[in-house]
Amino acid sequence: MERVRLFCAVCLIMAVMSRNGITSDEPTDVFSQEIGRFRALLSSPLPERRLEAIQGLAYLKDPSCEDALLRMIADPSADIRREATIALGQCGSAKSIPALIALLNDPAWDTRVQVHDALCRMTAQTFAMDDPTSWEKWWQDSDPAAKEKAIIAGLANQDVQVRLRSLRALRFLGGRGTEDALLSFAKGRGAVPERKLILLALERMGTEKAMPYLVGQQGLTESAWAMGRIGGPEAEQALLKMMEGNYPWERVDVVINLDRIKSKAADRAIGRLIYWYGTITDNHRYEDLTLPPTPTQRAITNLIRRSGKADLVIELVLRELEGKAVEADIPENLKQTIEGLRKELKPGFYAKIHEGTAQALSAMYHLADDPALVPRLMPLLKHQTVVVRIYVAMTLAKLKAQEAMPMMLEQIREGYPFGDHKHMTTGLWVHGKHRWKGFLALAVGRLGTEEARKALEELAVDPKSYRDVRLGSVIGLRFIGSPASIPVLERVAKEDIVCFIRESAQDAIEDVRLAQREIEAGKAK
Amino acid sequence: MKLQSLNFLLIVLYLVWTASVCSAEDKPVGDAKTLYDRLCKTKDAQAALKLGALGAEGAALLNEGLKSGDERIAALCAWAFYHHPQPSAVGNLHALLLKQDEIALTRNQIGGYWAARALGKIGDKSSIPILGSMLSKYEGEVAYWERPEDKLYGGGEANRKKPAPDTPNLRVAYASMEALGEIGGEEAAAVLTRGFKDPQHLIRYGAIRGLAAMKHEPARPLLKDLADGDPVLYVREAARRALEHMDGKNPEKPKSPALPPAVVFFKGKDVPVPNQGFRDFGDFPSNPVYAWGENLFTLTPPTKDGTLKNLTNLAKGGVQGPEVSYDGKRILFGMSRDLEKEGFHIFEINADGSALRQLTDGVCNDVDPCYLPDGRIAFSSDRSGGREEYHHQRTRNIFVMNADGGDIHQITFNPNQDYEPQVLRNGSILYSHYQFYAGKSALPSRGGLGRNETVLHTVMPDGTNDQHFYGTQRGPLYTPLRPQPDGLQYIGANWRHNKEHIGISFSLPRELPDGRIVCMTVSGPAIIDPARSPLDCEIPFFPEIVNLDGGQFAYVRPAPEYSPVGRYTTPYPAGDGWLWISHAPWHDVSRSAYGLYLVHMETRELALVHDEPGVSDFAPVPVAPRPREMVIPLRSESRTAPTGTIECLSVFNTDVPFDKDAVRYVRVIERVRRGVSIVSHRPFPARVLATVPIEKDGSFFVEAPADTPVQFELLDADGNILVHETTHNYVRGGEHKACMGCHEPKAASPDAAADPLALRHGPYPALRKPGDPIYKIQVLSRGYNMIIRP
């Protein structure tokens, strides 16, 4: 009997794996998604959205956006001109210099100061902010090749500050000869500031030639970004090795860049990837459910899906939750993950101080995309473990399982066996008065339907609602983003006794109104 | 006049000094064996005293107790010998003094302390070398040690470095200095003179007291040197008083205080100690924790024979935080009429117990009320709605309201906890301010910090000009085991062996008539002089209990087991150098041991006023008229304008060691508050509002969102963090806040000739924008809303 069961289980797993294997849709990498998102937002008629795009591009440091950003420095909004300047100071090249020099005469002081800062960083020059003439003269006095040569010459300077300035500038003004100069300069260089700047420059202009140096710099996050840009099997192996190191926190650089080079080999560190998803009971906390999935979580999802193990992970988690686990089916590299989940599947369990081990629940939430899972998830909404209920509710909401809403609302409305005035409510080990039903309100909000909106509006102003539920309802209404909720949100913003809930309602109103303005502006366009 | 005479008579009647506990009323009851059995079985302090009073018969049994191996019994026996000195005890007391603690492998603490004190009373010269051996020889890494917290708290062995065997216990060494002074003579004086040069300020203090007690004239020049030049204020003060004592200037007994007609206070059984700062820690009752008692009482007149009146008559409720109106006719307090069914709210009642009025309501907890001179009321409430960073308890902040409970609004915006508002004579509000510095060392190279602190802040009644008043960087005073310079706290170095969880606690502040502040610290009451430098303005009442319990967990929980002076809390100025105070003697560590006392701030004389056995009495406040403080005009835009501005004259005005030449930017970070959580120990996410270039003179000027906690970070040209500000700031709407630096005296003013470059243009906008990067904890940790690269 045992063998039959094992055989069936193996068949099931194989079927699941095979289904993964034949999936042809390769997820777009998150880095490219973000570039695309921000590029699109740059065309938004709303200055708020353009600002969001510019800030995002500044952090991505991707030079492909330079032209789009250059268009932004002529924006009538001083805020946009300033932020575009900051972004060009990260993504720009020689092409941006004349425009930035012209902006030294911008009427806004804060823009001028950022322009000056960007120019100093990009050129290794130190002319004053109020001396545009010197900047112009320097720029016109020689051609780009001569400037590159002069900056490379600065690498030989005895003064470390001059060398650092030169390294910074090579990232922006470096040309054909820069990679060789950098690699030659890099030999025997041990100082971290110099090595970081070498890596940043190589991210711009490095080729496979630079790979041996990059592989040797795995302790520095800049090497991951350079390898992500260059790509290739050597980069993939180096990034995988970096992922296997002993780090207390997730390596954003490694995950994003492995995803960027479309790695399919992440199975070798799948346990670590799942750990890096985090849970609300560990170091990823509440914000993981009130905000959209982070870029890191999205990249992890891509990596696991590309590895072909997504459905297997979901299956194994569901079996644990259903109490139907088959030990033999758990691959070696997922054993620790599943054992961590098991540890927390206790009646009423909320969280262990300092450490959560049920990251597999988070993996289920992020990886699940098949509505066929809904019937299996529904009974788990009443699982003995509170954290399971939260993640199951969020997964059901993600899968748009409308049928789950009554059960979620029923639990929310049950309240707690203690009054809302009770003060101690945390995961601290000595306190038993946890509030968790606000998370279910978030799930209701993620369902996004009219019924969900009405239910949350009711909960948000119901005097019997506990404060976590009122707050969760307000955030849920923010997810839904319906203008119809504005009167209720305004009432909450005015009347709720808790300041934080009032402020959250005001934030939700502003979000909804911004979205409305965006729609109206789009129509007008 | 009649009232004053009556007061004087009453004072004479009820003042009972500490020493009197072993006076004639301690006549032996029952035979010595019965008393000794009781002592061994229940560790009854009175049994020990009574044995001492029996003379030789009792002394024989007390000597047995000294050898019993039970530290508590041995300590009680030594204490009994302190009150009833017997030469027969000398040998056993020497043995107890030298006994090694089973945990720390150093001198046992309480037993050793009382052994030393008893030897001083006995006065046998043979004790001098043994007492002198308690001075550290400063060989090796650790100068002094004391009992660690591990036994109490179960801390990991790996977290703690054991001292070398025979390292002297700090408190025992201090007591030895006092004892040497009592024994007297040239040999003792020579040891004490050596103690003058000890790097440990508590030992210098003990040596001064010892030499003052013996009026050792040759020490006069050294005492003068210490009075003039010791780096620690309480040591200088002790030397000054010693010189006055030698000159015969100090009266033996201080003048008695004038008594008010009544005091109001609360009573409770098994009550948590009102405020060791961060009160919501797990060792306290789980819900709600506002140092509450069961009922509010008045004692009229405030004497042993006064009449008690229960003003609230609650069966299942709680009361806390009584305050008396300026005319002395009304009492404000926090009350929950049924702890299971409702939260605490602010109530007012006439001083005669009539006309109870509820001023606040709603599903929240409103506590710590105080009258404002403009007729309004300030209080602390969890209606602000966030979660503090450490255990994710509800955030509490200071709110104000009209006298009738209308127009409630928030005036402080610390994302952790603010409480205990008190009005200073200048009209500003002094309050206790708890912060958790989670993984945020000031210097990134030092790694995470994970420290919690309760310090004192002041704020105007409209919420403007919130600023640090006192407390930060006083850690070195409280962890003085090893010689080290002041001011190391902010870099998390050398503070304690595991560098974490450390913090200080200043709470329950009250202003004295001379402008100084009395408050509670981790080692009992202390006086703070705000006119002095914040690094040298504090006088603990009982320096011998600084650094109680190893310096770590003392900050979040009291450790009565290891205090030789007992516990004190809820001080209130009583005039003439006296304080009203709640006190529990050292030998009773129960939660119901506190009584009401008067204590003299300089002589430590203690007078019992009221003590109901088995019940604690807390928070005595005189029911009497008092002067109204200055009224500060309110700024209406504080509540309406969306932003304010912050100006820093120079980021270089700090003693944090960093590469000042490398500074290029200040990053303005909003700490994103959190409203729901089912975990703990998770700091707030960080939202970057702006990265602003710093002017060459170190100045910057930013516009920030109103009522929002922000922090600053100094960055180099490549965006690397040079300094991380560990505390939070905020501005109110329309407010312009200027910062000179972190550690200047309160009275300091900026250089009038200063012309900061940053003020030559408008403020740099550091305001929220869609798409601002939000980081998980610190900047450079994972981003929530976008890919964030260093």
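Visitor: About how many helical turns separate Arg240(B) and Glu237(B)?
Guide: This is a predicted model, by the way. Both residues sit in helix H14 of chain B, residues 233–246, three residues apart. That puts the separation at about one helical turn.

Visitor: And how far apart are the closest N and O atoms of Arg240(B) and Glu237(B)?
Guide: The two form a salt bridge, and Arg240(B) is partly exposed, with a relative accessible area of 29%. The closest N and O atoms of the pair are apart by 2.7 Å.

Visitor: Now Arg687(B) and Asp772(B): are they buried or exposed?
Guide: They form a salt bridge, with the closest N and O atoms 3.1 Å apart. The pair links distant parts of the chain, 85 residues apart: Arg687(B) is in strand S27 (residues 686–693) of chain B, and Asp772(B) is in the loop between strands S32 (764–765) and S33 (774–775) of chain B. As for accessibility, both residues are buried.

Visitor: How many residues apart are Arg268(A) and Glu244(A)?
Guide: Their closest N and O atoms are 2.6 Å apart, in a salt bridge. Arg268(A) is in the loop between helices H16 (252–260) and H17 (270–277) of chain A, while Glu244(A) is in the loop between helix H15 (233–243) and H16 of chain A. So the pair links distant parts of the chain, and each partner falls between the 20% and 50% cut-offs, with Arg268(A) at 40% and Glu244(A) at 40%.

Visitor: What's the salt bridge count over all chains?
Guide: Some of them join up: Asp420(A), Arg435(A), Arg467(A), Arg470(A), Asp496(A), Asp382(B) and Arg394(B) are linked in a network. Across the interface of chain A and chain B the rule finds five. Over all chains, the count comes to 85.

Visitor: Which residue of chain B does Glu503(A) form a salt bridge with?
Guide: Chain A and chain B also have 17 residue pairs in polar contact, both residues at pLDDT 80 or more. For Glu503(A), the closest N and O atoms of the salt bridge are 3.3 Å apart. The partner is Arg673(B).

Visitor: Which helix gives the largest share of the side of chain A that touches chain B?
Guide: In contact there are 82 residues of chain A and 74 of chain B. The two chains bury about 6,600 Å² between them, 57% of it on carbon and sulfur atoms. On the chain A side, the residues divide into 37 nonpolar, 16 polar and 29 charged. The largest share, eight residues, comes from helix H3 (residues 47–60) of chain A.

Visitor: What relative accessible area does Leu57(A) have?
Guide: Leu57(A) lies in helix H3 of chain A. Beyond four places in sequence, its contacts include Ile35(A), Leu42(A) and Cys91(A). Phe38(A), 19 residues away in sequence, is 6.7 Å from Leu57(A), C-alpha to C-alpha. Leu57(A) is buried, and its relative accessible area is 0%.

Visitor: Last one: which residue of S9(B) is the bridge partner of Asp366(B)?
Guide: The open, antiparallel sheet here runs S8-S9-S10-S11 in chain B, with S8 (366–371) and S11 (409–410) as edge strands. S8(B) pairs with S9(B), residues 377–381, over four bridges. The partner of Asp366(B) is Ser381(B).

Note on methods:
Residues are numbered from 1 along each chain as its sequence is written. Chains are lettered from A and ligands numbered from 1 in the order in which they are written. This is a predicted model: local features need pLDDT of at least 70, side-chain atom pairs count only at pLDDT 80 or more; totals for chains, interfaces and linings use all residues. Side-chain values use heavy atoms; hydrogens and water are left out. Two strands pair if DSSP finds at least two bridges between them. Helices (H or I, at least four residues) and strands (E, at least two) are DSSP runs, numbered from the N terminus. Contact means heavy atoms within 4.5 Å. Buried area is the accessible area (1.4 Å probe) that two parts lose on being put together, summed over both. A salt bridge is a side-chain nitrogen of Lys or Arg within 4 Å of a carboxyl oxygen of Asp or Glu. A polar contact is a pair of N or O atoms within 3.5 Å; within protein, one must be able to donate a hydrogen and the other to accept it, and residues adjacent in sequence count only if both atoms are side-chain atoms. Ala, Val, Leu, Ile, Met, Phe, Trp, Tyr, Cys and Pro count as nonpolar, Asp, Glu, Lys and Arg as charged, and the others, Gly among them, as polar. Buried means under 20% relative accessible area, exposed over 50%, partly exposed in between (1.4 Å probe, protein chains only).
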